[in-house]
Amino acid sequence: MAFEQPKLKYAFDALEPNIDKETMEIHYGKHHAGYTKKLNAAVEGTDLEGKTIENILMNLDKSNSAVRNNGGGFFNHNLFWEVMSPDGGGKPSGELGKAIEDAFGSFDAFKEEFAKAAAGQFGSGWAWLCVHEGGKLEICSTPNQDNPLMPGIGCGGTPILGLDVWEHAYYLKYQNKRPEYIDSFFNVIDWEEVASKYAKEK
């Protein structure tokens, strides 16, 4: 069965003013759709056909650039849309809130470290919050469409929060002011969704 681009759970303009409607339309409708289409073409007729995207990425042949780039782009954007909400922002509570405090000292310290990973990723890439078996959290960044599910890349855990720092994700509104975009992302993080992913993977 071919991979399908998931439908958004909110309207293109729902994340404004933090993420603008035009960027959402292009990012979802062109970039993410393109990765989905090219991923399907890359796995068609191969032994990867019919496997889950997680299985493909965890067992990735990194020399297969079509699957690496488009499989990463498909998975990364699926997660990105899921962890944002018009009702987002604030800070996590419960198990996830405690795990963040245990790992980073405080929520503010977590924000600072995550923002640093996102701002410091040279060129295009992603910042991640990952969970390891047992519930330990880690922050890392990866270039291009790589992600921590891929062997030998980034944190090595399961990503539960991801921020796209490719220029196409923010340039129309923020131009070269990536730190402003990163700050705005915290206003739309759906911590309930992130907590649900944490509970499932820890």
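The side chains of Arg-178 and Tyr-170 are joined by a polar contact of 3.2 Å (N or O atoms within 3.5 Å, one able to donate a hydrogen and the other to accept it; residues adjacent in sequence count only through side-chain atoms). This is a predicted model, in which local features need pLDDT of at least 70 and side-chain atom pairs pLDDT 80 or more, while totals for chains, interfaces and linings use all residues. Residues are numbered from 1 along each chain, and side-chain values use heavy atoms, without hydrogens or water.

Arg-178 belongs to helix H7 (residues 178-185); helices are DSSP runs of at least four residues, strands of at least two. A polar atom of the Arg-178 side chain also lies 2.9 Å from the backbone oxygen of Ala-118. Arg-178 is buried (under 20% relative accessible area, 1.4 Å probe). Arg-178 has no salt bridge (a side-chain nitrogen of Lys or Arg within 4 Å of a carboxyl oxygen of Asp or Glu); Glu-167, the nearest side chain of opposite charge, is 6.3 Å away.

Turning to the rings, the structure holds 18 aromatic pairs (Phe, Tyr or Trp six-membered ring centres within 6.5 Å; planes under 30 degrees apart are stacked, over 60 edge-to-face, the rest tilted). One of them joins Phe-114 and Phe-186, with centres 6.0 Å apart and planes at 80°, so the pair is edge-to-face. Phe-114 lies in helix H5 and Phe-186 in the loop between H7 and helix H8, so the pair ties together parts 72 residues apart in sequence. Both Phe-114 and Phe-186 are buried. The rings of Tyr-170 and Tyr-181, with centres 4.9 Å apart and planes at 20°, are therefore stacked.

Technical notes: Buried < 20%, exposed > 50% of the residue type's maximum accessible area, 1.4 Å probe, protein only. Lys, Arg positive; Asp, Glu negative; His and termini not counted.
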